[in-house]
Amino acid sequence: MGRKIVIVGDYGSGKTEFSLNLAKTLAGQGKLVLVDLDIVNPYFRSREATELLESMGVEVVYNRDYRTADLPALSPRIDAVLSGPETVILDVGGDGGAVVLGRYRPLLLKQQADIWLVVNCMRPFTADPAGIINAARRSEGKARLSITALINNTNLGRETQADHLRHGAEILARASAQMGVPVLFHCARPHLIPHLREFGDSLFAMELSLFPADII
Amino acid sequence: MAKQLMKGNEAIGEAAIRAGCRYFFGYPITPQNEVPEYMARRLPEVGGVFLQAESEVSAINMVYGAAGAGARVMTSSSSPGISLKQEGISYIAGSELPCVIINIIRGGPGLGGIQPAQSDYFQATKGGGHGDYRLFVFAPASVQEMVDLIMEAFDIADYYRNPVMVLGDGTLGQMMEPVEFKEPKKRDLPPKDWATTGAKGRKRNIINSLSLVAEQLEEHNWKLQKKYQHMKEHEQRWELYKCDDAELVLAAFGTTARIVKSVVNQLREQGIKAGLLRPITIFPFPDKAFAQLPDTVKAFLTVEMNTGQMVEDVRLAVNGKQPVHFFGRTGGIVPTPAEIIAKAKEIMGGVR
């Protein structure tokens with residue numbers, strides 16, 4: 001049975017970019033499905049990378065008839081892949097978007113799904129442990145599921161430096177101790193990787209796919 | 001205060017709060033929903049009021065009331081919602097009240113779509129509602145610039161006693177960029193002695209846009225026009241990028257201008273001397289910028305996410321001296337650099 005990994009977090013935490021990078025990392029190791037579960041906000045969703053992911057053999061699940069709409073419609077395929085042998089990544093919409101997870105709660109509990117909270121400490125509401133715990137509790141309350149790990153995705157967009165990630169790691173370490181869940185990965189843009197070797201195997205290389213490259 | 005990574009829509013909310021806005025009345029619509037969401041979360045923390053009205057019509061009339069009472073007040077919507085607000089906006093302009101209105105444009109007409117567009121340029125700059133009025137309109141191109149301009153917009157609204165609109169598109173509202181909040185340059189603002197604050201010990205103030213005596217209404221209109229004229233003389237803002245030796249000047253505002261900036265760089269690599277003229281105020285339209293352009297300019301190309309709106313103001317400013325071409329995508333499609341470059345080459349081939 002493949003793992004079911006649910007990616008949650010406040011909007012703007014980098015859930016979608018993380019989900020896409022996770023999919024790229026896991027692609028080619030058995031059947032992999034990325035479910036775009038963001039039915040709240042129609043911009044910068046993982047479905048925008050459908051062609052790229054399909055070229056890597058990843059199945060992308062979303063409402064194909066209305067790719068750019070914000071319709072609250074869920075594909076029956078989601079139930080199928082959550083019950084099946086596939087490895088599944090669920091990219092959940094920000095904030096209130098986690099409500100939709102409640103719909104899949106029985107299946108996710110049965111499959112012992114991982115629920116990972118992506119955190120960017122340069123975002124206004126998750127700049128300290130209290131804010132992160134608050135974000136976690138809100139997601140958990142909406143999804144009625146418990147977070148099992150934290151992902152450090154602290155960044156300042158194009159102005160990100162290695163110290164931003166270190167700053168985030170310190171804050172997440174405190175949140176992690178209070179919540180009793182581990183910090184699994186520290187995400188960094190490829191050019192920063194050589195400066196962050198101290199993170200060892202927990203360093204996760206993030207290529208950005210969705211920010212429009214034509215906008216300078 | 002260090003920089004934060006913020007989504008355009010939430011940065012709008014925070015900028016307004018930093019500028020002293022304590023009242024927000026609105027109604028949700030994609031792609032600006034994070035503005036009311038952010039205000040609902042943050043305004044109570046600073047002793048302000050967030051109210052989700054039952055419709056856009058009631059929201060704008062709440063803005064009318066709060067502005068009349070002298071409050072710093074804002075509303076936000078996207079295209080169809082802004083259309084619904086037009087009657088109230090006209091009343092606010094007619095009553096000479098300050099407020100800030102955000103329009104994060106989506107594709108139209110009608111309900112249209114929810115992807116980015118710039119097709120409300122006419123509506124924003126030519127009045128929008130009924131009567132001879134103008135909004136002061138900013139068209140920022142980045143989240144940081146949007147923050148800076150919103151913080152200033154409240155002062156400008158108070159200074160002119162006129163609604164200020166900040167025009168963005170879905171992309172600008174949704175994109176995440178680093179921002180910091182800096183105090184804007186202060187203006188000398190007159191006391192709001194016209195506000196309905198309770199007429200204790202003074203003559204009562206009346207906020208009204210009804211004027212049944214034609215001579216008085218005409219006089220009121222000339223007074224308003226004098227204000228707009230003052231804006232045209234003193235408030236025009238623009239950015240010129242690589243225009244010093246340009247032969248082709250591309251004119252674009254908002255998000256499109258950032259795409260065009262990369263087009264200018266690519267055209268120059270290919271031997272075409274291109275430049276960008278980016279209006280930052282679109283009312284007043286920066287016609288003074290055109291006087292600063294060098295004699296080398298042979299043609300203009302206006303690029304917009306609509307079927308050709310700002311191009312009319314560009315044509316008025318160029319006044320027939322050079323040909324003005326247009327390239328646009330609409331309905332929620334963002335133009336690509338490649339197709340703009342192809343259009344630029346077609347034009348420059350023709351000139352040579």
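In chain B, the centres of domain 1 and domain 2 lie 28 Å apart, taken over C-alpha atoms. This is a predicted model: local features need pLDDT of at least 70, side-chain atom pairs count only at pLDDT 80 or more, and totals for chains, interfaces and linings use all residues. Residues are numbered from 1 along each chain as its sequence is written, and chains are lettered from A and ligands numbered from 1 in the order in which they are written.

Domain 1 of chain B covers 4-234 and domain 2 covers 239-351; such bounds come from an automatic or database domain assignment. The contact takes 26 residues from domain 1 of chain B and 22 from domain 2 of chain B. Contact means C-beta atoms, placed from the backbone, within 7 Å. On the domain 1 side, helix 6 of chain B gives the most, with four residues. Helices (H or I, at least four residues) and strands (E, at least two) are DSSP runs, numbered from the N terminus.

Now chain A. Eight strands form an open, parallel sheet in the order 3-2-4-1-5-6-7-8. Strands pair if DSSP finds at least two bridges between them. Which strands stand at the edges? Strand 3 (59-61) and strand 8 (203-205) of chain A; each has a single partner strand, so one side of each is left without a neighbour in the sheet.

Look inside the sheet. Four bridges join strand 1 (residues 4-8) of chain A to strand 4 (residues 87-92) of chain A. A:Val6 has A:Leu90 as its bridge partner in strand 4 of chain A. Helix 5 (residues 129-143) of chain A packs on the sheet, touching strand 1 and strand 5 (114-119) of chain A.

Notes
Two residues are in contact if their C-beta atoms, placed from the backbone, lie within 7 Å. Axes are lines fitted to C-alpha atoms, for helices over the stretch in contact, and angles run from 0 to 180 degrees between N-to-C directions.
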